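Look at the model first, then read the points below.

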Amino acid sequence: MRMYEIIEKKRDKQELTGEEIEFFVNGYSKGEIPDYQMSALLMAIFLNGLTDEELKNLTFAMANSAKTLDLTSIKIPGKYIVDKHSTGGVGDKITLIVLPIVAALGVGVCKMSGRGLGFTGGTADKLESITGYNVNIPINDAIRQVQDIGVCLISQSPEIAVADKKIYALRDTTATVESIDLIASSIMSKKLASGVDKILLEVTVGTGAFMKTLEDAKKLSKTMVKIGRLAGVETRAVITSMSEPLGRNVGNALEIKEVISFLLSDEETLASDEIRDLKEVVYEIAAQMIKMSGVCEDMEKNKADITKAITSRAAYDKFIELIKAQGGHIYNVYMDWIGMSLDMPVLDDKVRFLKEIHAQSDGYIVSIDSKKIGEALVALGGGRNKKEDKIDYSVGFEFVKKVGDKVKEGDTILTVLYNDKQKFADAFEYIEDAIYIDNVENDVVKALQSKPHILDIIDEKSL
Ligand code: URA
């Protein structure tokens with residue numbers, strides 16, 4: 001078999017066989033196929049797409065290109081292990097809120113999360129803003145932790161789906177990342193290799209996401225759900241809006257603070273508009289995970305149980321248990337407002353400067369471009385341009401106003417937390433461009449204020 005003929009076949013829109021796909025996946029991971037040939041093939045795939053059979057074969061070949069996990073020891077009869085994956089976004093702290101909630105409600109989770117690159121943040125980085133938290137514990141220890149406390153949250157193992165890692169790095173430099181078929185097989189190869197029974201995907205759409213349109217998000221969701229079906233692993237996708245940053249905080253330590261305050265919400269806070277976007281996404285994803293795990297089919301009951309897990313502080317206690325189990329430092333603080341002391345994570349959150357950004361005119365906030373806010377965070381040092389970049393965990397943005405809010409000239413829209421004045425100046429160029437205020441008609445205001453954050457749900461019935 002020759003790589004040249006495989007490239008030629010794909011260039012001419014012919015279907016590749018399973019053997020041909022295994023040949024290039026394994027050959028490239030072992031360094032036997034050079035980058036220039038693999039790049040040419042990736043571009044041919046980018047332009048001509050993959051058939052269902054090719055998609056399945058590519059995903060399986062990448063999933064089996066290295067170690068696959070065996071989670072049998074944490075399986076409970078009658079229950080399924082559900083994984084959750086987000087296609088990434090700005091201010092997306094959903095995994096950090098959902099995992100302790102579902103774990104408190106009896107759903108076991110062994111989750112691997114990625115690091116941030118470019119304008120999207122990574123859950124592993126956010127966790128590392130907690131002093132001492134170790135995202136790199138060996139997989140066997142992680143499995144033992146799930147047996148003990150029902151949850152672990154570690155970084156993506158370098159030993160899993162090695163071919164995908166190499167291919168992704170090449171895609172990143174050859175303008176072939178934005179292919180729905182390649183993204184779907186890349187994500188699903190890692191999920192299938194991690195040994196779970198079911199997969200819940202959070203597919204984000206908007207400026208701060210890989211998918212810019214709802215149509216593309218649906219295509220990506222359907223492609224991943226289809227791969228899951230071909231692999232015999234039930235997969236469901238919840239499409240969520242990423243047109244403005246999710247929640248009110250963007251930045252590693254700041255997002256952990258937002259997770260803490262969400263998990264400590266009382267009924268009144270949960271019902272308020274303050275946290276509406278986060279609540280909508282958290283409740284849908286957590287309820288779907290509980291349903292898929294076999295714990296309870298009834299989504300309404302699951303949502304009521306989620307409220308109880310939060311207001312009883314069972315979910316918060318699980319969050320603290322997770323942090324302690326992975327070496328995170330905790331301190332105890334007396335909270336006046338609840339009249340008792342609570343464990344809190346120690347955060348790397350010391351910043352030198354704060355600056356408020358004010359509205360330049362009266363009107364309504366029509367949009368906050370999440371990609372620009374993600375880029376502003378990278379400019380402040382809170383994200384990476386290159387894999388090797390070190391992160392400043394303490395910097396970021398606290399939004400006082402969100403899309404649909406009325407503002408008067410001079411009102412504070414957000415506060416910037418930073419450590420370096422030049423970096424603030426660089427970030428400010430993005431922030432200035434990101435926020436759009438206008439005097440819009442009442443019906444537009446209503447539409448902005450009530451826009452949904454769950455845009456669609458794709459499962460096997462949608463195919
Ligand atoms: N995330 C992945 O894991 N792979 C892609 O190709 C894109 C996003």
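The points below cover the ligand site, the salt bridges and the cysteines.

This is a predicted model. The structure holds 34 salt bridges. A search of the whole structure finds zero disulfides.

**The ligand and its shell**

- Around the ligand sit Tyr168, Arg171, Ile183, Ser186, Ile187, Lys190 and Phe210.
- By class, four residues of this shell are nonpolar, one is polar and two are charged.
- The side chain of Arg171 has an N or O atom 2.9 Å from an oxygen atom of the ligand.
- The side chain of Ser186 has an N or O atom 2.6 Å from a nitrogen atom of the ligand.
- Lys190 places a polar side-chain atom 2.6 Å from an oxygen atom of the ligand.
- On its own, the ligand would expose 240 Å², and the protein buries 88% of that.
- Two elements, α8 (162–172) and α9 (180–193), each give two or more residues to the shell.
- Helix α9 supplies the largest share, with four residues.

- Arg384 and Asp125 form a salt bridge, and their closest N and O atoms are 2.9 Å apart.
- Arg384 is in the loop between α16 (370–380) and β11 (396–399). Asp125 is in helix α6 (residues 123–128).
- The two partners are 259 residues apart, so this pair links distant parts of the chain.
- Are these two residues buried or exposed? Both Arg384 and Asp125 are buried.

- Lys303 and Glu284 meet through their side chains in a salt bridge, at 3.1 Å from N to O.
- Lys303 belongs to helix α14 (residues 299–311) and Glu284 to helix α13 (residues 276–292), so the pair ties together parts that are 19 residues apart in sequence.
- Glu284 is buried, because its relative accessible area is 10%, under the 20% limit.
- Lys324 and Asp343 also meet in a salt bridge through their side chains, at 3.1 Å from N to O.
- Lys324 lies in helix α15 (residues 314–325) and Asp343 in strand β8 (residues 340–345), so this pair joins parts that are 19 residues apart in sequence.
- Lys324 is partly exposed, at 47% relative accessibility.
- Asp343 is partly exposed too, at 23% relative accessibility.

**A salt-bridge network**

- Which residues are linked in a network of salt bridges? They are Glu244, Asp277, Lys402 and Lys451.

- Cys110 is buried, at 8% relative accessibility.
- Cys152 is buried as well, at 0% relative accessibility.

How values were computed:
Residues are numbered from 1 along each chain as its sequence is written. This is a predicted model: local features need pLDDT of at least 70, side-chain atom pairs count only at pLDDT 80 or more; totals for chains, interfaces and linings use all residues. Side-chain values use heavy atoms; hydrogens and water are left out. A residue is near a molecule or strand if one of its heavy atoms lies within 4 Å of it. A polar contact is a pair of N or O atoms within 3.5 Å; within protein, one must be able to donate a hydrogen and the other to accept it, and residues adjacent in sequence count only if both atoms are side-chain atoms. Accessible areas come from the Shrake-Rupley method with a 1.4 Å probe; for residues, only the protein chains shown count as cover. Ala, Val, Leu, Ile, Met, Phe, Trp, Tyr, Cys and Pro count as nonpolar, Asp, Glu, Lys and Arg as charged, and the others, Gly among them, as polar. A salt bridge is a side-chain nitrogen of Lys or Arg within 4 Å of a carboxyl oxygen of Asp or Glu. Buried means under 20% relative accessible area, exposed over 50%, partly exposed in between (1.4 Å probe, protein chains only). A disulfide is a pair of cysteine sulfur atoms within 2.5 Å.
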